[in-house]
Structures are given as C-alpha cells and as structure tokens.
Amino acid sequence: MSSLNICDQWNMFQNKRHGYIDMDDIGCSGSTYNMASINSSGDLKSPGDPPDKRITDADAEKQPLSGKKEERWWNTLMQVAVPFFIAGCGTIGAGLVLGTVKDWDVFVNVSAIFVLVPSLSGLKGNLDMCLASRLSTQANLGNMDSTKEVISMVVGNISLVQVQAIVAATVVSIFAIVINTIADGTVNGNYILLILASAVFTATTTCFVLDFVMVLVIYASHKFKVNPDNVATPLAASIGDIVSNSVLAVTAQYMYEQIQPHNEDKSEVSLWQPIVLMCVYYCMLPMWVFVVWRNRYTKTVLTTGWTPVISALFISGIGGIVLDQAVDQYPGYEVFQPIVNGIGGNLVCVQSSRLATHLHQTAIPGVLPENTRIMEWPWKTWFFGTPAAKVARMLLVLAVLGQTIFMVVADVVYQGIVTVQFAFGLTYLVCSLLQVMVLLYLAYVFIHLMWKKKKDPDNAAIPYLTALGDLLGSVFLGLAFFILSMFGMQYGNNVQ
C-alpha cells in the first residue's frame, strides 16, 4: 500500500472520540505515516519503529477486548453472570404473563396483538440495548467524567429513544394491522385505533421509565470500575420484557373494553381514549426531534439510525406470526418463547457491546485491527482463535446452565410441579444453544462488517441481532415442539 498521510484522519477521529486530544502534542504535525503506522493496539508508531509481529491463533485470544488492562476471566464471568440471572427471572416472568393473558378477550378477538408481543419486546430491547451500548462505549472512552457531558448524553439519548419508539411503534402497528386484516379478511377501524394506541403507549412508556434505570446502572458501573458492557445490556432486558408484555396486555384490554358498544342496540362506541392518546404522543414528537437535533451526541443517529431499527421490526414481526400460529397448536409454547428469545438476545448483546467498544478504542472507522477478518471460521469465534472467543465460551456455558435452570423454574411456576421430561429438556437445550451459537457468530461478522463500512456498530448491529434472536428463537422452539409432537412427547403430556 502506498504511503498515506492519515494524521488528519486520526486527529479527527480522536477528537470525535475524546473531545480533547491534539495530535500536534505527540509530534504528528507534518509527519507522513502509512497504514502500518497504526499498531495492533490502534496507537500511532514512529516511522522508525519495528513493524508489529503477526500473531498466531493461539496468541490472538490473549489480546483483550479492551484498550485498557485486560479483564480477568472470573471478573468478566461474575459481571456477566449476575445481571444475566436477574434478566432470566424477567424473561420467566414475561413468559408467565403471556401464558396468563393469552385467554383475555383482546388476545382472543384481536389476533394482531400476538404479532405485537415479540415486535414490541424486540423494539424496546433494540432501543434500550442500543442506548446501553452507546453509553457504555462513552463510559469506556472516558467521556463520563464530566457531569455536564453526562447530562447532555442522557437527555439526548432518552429523547432519541422516544422519537424512535413513537415512529417504530407506529410502523409495527401498521404491520400488525395488515396481518390482522389478511387473517380476518375484514378491516375493523376500531381495532386499528386500539392497536396503534396500545403499541405507541407501550413502547414510549416502557422505554422512558427503563432508560432512566439504564442510565443509573451505567453511571454507577463506571464509578465503581465495573465494565458497563458486561452489566448494562443484560439489565436492559431484566425487567423490560415482563414490563412490556404487562403494559401491552393491560393497555390493549382496557382499550378493547372501551371501544365495545355500551348501549343495548350496540351503536354507542367510545373512541376518544385511543384518539386522545395518539394525539398527545404525536404532538410531542416534534419536541423530542428538536432536542435530539440540538444534541451533538445524538444528531447523527437521528438521520442515520433508522434502517436497522425499522428492518429489525419486520424481522421480529415474522417471529410474531410464528408465535401467533404456535400458541394455539402447542401448549406451553408461550411460556418458553420469551425465555429463549430473551436469553439469546441478552447474551449476544453483551458480546456485541464488548466488540463495539473494542473497535472504538483500538481502530479507526473503516479500518479493522491487525489480524482481524470480517469472515472468520465459526469455531474460532466460539471456542479458540480470536479475542472474542474467551467471552464467547463463557456465554455459551451460561446459556446452557441458565436455560436449564430457567426451564425448570418456569415449568414449576406454570404447572405447579416439575413436568419436564428428558426428551423435552434435551430438545429445548439444543434449540436454545443453537440459537445462541448462531447469534454469537453473526455478532462477530456484523460488528466488524459495520465497522469496515464506517457505521457505528452500537447503533447498526444490535437491532439486527436482537431481532434475529427473536426470529431464530421462535422458529427453533417451534421446531422443537413440532418434533416432540411427532413422537407424542408434547410438553405437559404427563400432567394429570
């Protein structure tokens, strides 16, 4: 490669990252560097320094996913495991909520609500985890030491999530309405208002409340020297799914009762509640847009971060169609589906956030670190051969251990006794482990591909990964129930 003057590019990148680095202070002005002038740690070398040595696969794993001191494996494990098991309790609760409300009038008569369940859970997860990943990256880059900067980040990011929640919830509502129209063969205007109002209220309310919790977790992690990449993303979903499912169920049922005829000839229908609710949120949208546009931390995301979020909605929507079809055919499916989807999404977001932070700390956008490829052999990303493999192994172990525990607990709470048979347990664990393995590999590819294309992985990759987690989890779990049913070993068969 010919010699390139990249000093100005590096200067702009560092100023954007840190807001204060001046490359003139380290003798960069007027110097000419080529791409070899950036070593494997992302630092500029003097032209006379010896080139970096290429490392073997055995040594690649030893390179930390951090520009700072390498984390000990037990510290990483503890930081990931605690919020992971807390998040697992939330997914169990989400499944139990769904198992309870599936017989409510609104779920029985408005099939589009089932399509909304994974879509809204996925949307909330996407927005909250993107926010957690963005703020975790800023914390690891040292940009959370100033109270003024923290306030600016928080206000900008929470406002951004509100904009995305209103717009995305409207889009996913339209998708659900289309599916409902195709399924029923008719268009019910009252149900359109119900679906729109319920989706927008659920998305905006849950995101607004839980984002403040997320900010406190990240700020506290930063202050107590805990890597927020390990803690924030699992906690983003710890109570998110159960809150999202509960708010959606209660709101939709309330709206459904309000729009039902109240007089004897069934001519009076009260529609003012959903109409007023939508007017309030849509009138607030320009205010949120103005705040985001004036904030330097979120202005770019406002114009460039929509494609992943909207695309992820349709991917999650397909998972919603699977849920709508499977919930009537396979008893217990609705209990385990949020667990499989939630755990897979939590684990892949931990890995994604860590990979994104690593790239922000050690590389220039558009340039991958030395000895890093976009397409890698899957086993190198899971077990041995890349810096990501060490954490991936921990996440796979947590997936097996956690899913075993959560499966038994959910079964006991749902049935009152342990009814899980060996065949079901084995099939369930295989499908959930396969989902996590696929997601971890896709995370490695997506994160590095986005970075190569100069797109911020914190905003671009996570929505796709969590949506694919919902889709893969729903499909794999459906296949597990289908295979078991072929051999007469359905879940709950041994319950008298």
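Predicted model: local features only at pLDDT ≥ 70, side-chain atom pairs only at ≥ 80, totals over all residues.

Biologist: Which residues is Lys-454 in contact with, leaving aside its neighbours within four places in sequence?

Modeller: On that basis, Lys-454 is in contact with Pro-365 and Gly-366. Gly-366 and Lys-454 are 88 residues apart in sequence, yet their C-alpha atoms are 4.7 Å apart in space.

Biologist: How many helices and strands are there in the chain?

Modeller: The chain has 18 helices and zero strands. Of its 496 residues, 55% count as buried. Among the contacts with a separation of 6 or more, 81% are accounted for by residues 24 or more positions apart.

Biologist: How should I read the nonpolar core?

Modeller: The general idea is that in soluble globular proteins, nonpolar side chains tend to be buried together. Here, the largest nonpolar core has 123 residues, and those with the most contacts inside it are Leu-116, Leu-123, Leu-194 and Phe-336. Helix α5 (residues 112–140) gives the most to this core, contributing 15 residues. Another core, of eight residues, lies apart from it and includes Val-163, Leu-285, Val-301 and Leu-302.

Biologist: Which residues is Leu-194 in contact with, beyond its neighbours within four places in sequence?

Modeller: Leu-194 is in contact with Val-106, Ile-113, Ala-252, Met-255, Tyr-256 and Ile-259.

Biologist: Let us turn to charged side chains. How many salt bridges does the count come to?

Modeller: The count comes to four salt bridges. In one of them, the side chains of Glu-334 and Lys-102 meet at 3.0 Å, N to O. Glu-334 lies in helix α13 (residues 333–362) and Lys-102 in the loop between α3 (73–101) and α4 (105–109), so the pair ties together parts that are 232 residues apart in sequence.

Biologist: Is Glu-334 buried or exposed?

Modeller: Glu-334 counts as buried, at 0% relative accessibility.

Biologist: Which residue forms a salt bridge with Glu-149?

Modeller: The partner of Glu-149 is Arg-296, and their closest N and O atoms are 2.6 Å apart. This pair ties together parts that are 147 residues apart in sequence, because Glu-149 lies in helix α6 (residues 147–184) and Arg-296 in the loop between α10 (272–293) and α11 (299–304). Glu-149 is partly exposed, with a relative accessible area of 21%, whereas Arg-296 counts as exposed at 60% relative accessibility.

Biologist: How are aromatic rings to be read?

Modeller: A pair of aromatic rings is described by the distance of the centres and the angle of the planes. The structure holds 13 aromatic pairs. One of them, formed by Trp-377 and Trp-379, is stacked, with 5.0 Å centre to centre and 10° between the planes. The angle can be judged against the cut-off, because planes under 30 degrees apart count as stacked. Trp-379 counts as partly exposed, at 47% relative accessibility.

Biologist: Which residues do ring pairs link into a cluster?

Modeller: The cluster consists of Tyr-330, Tyr-333, Phe-336, Phe-424, Tyr-428 and Phe-481, linked by ring pairs. Phe-336 is also one of the residues with the most contacts inside the largest nonpolar core.

Biologist: Where does the charged end of Lys-299 sit?

Modeller: The charged end of Lys-299 sits over the ring of Trp-293, 4.4 Å from the centre of that ring.

Notes
Residues numbered from 1 in each chain as written. Heavy atoms only, no water. Core = buried A, V, L, I, M, F, W, Y, C linked by side-chain atoms within 4.5 Å. Buried < 20%, exposed > 50% of the residue type's maximum accessible area, 1.4 Å probe, protein only. Helix = DSSP H or I, 4+ residues; strand = E, 2+ residues; numbered from the N terminus. Contact = heavy atoms within 4.5 Å. Phe/Tyr/Trp six-rings, centres within 6.5 Å; stacked < 30°, edge-to-face > 60°. Lys NZ or Arg CZ within 6 Å of the ring centre and 35° of its normal.
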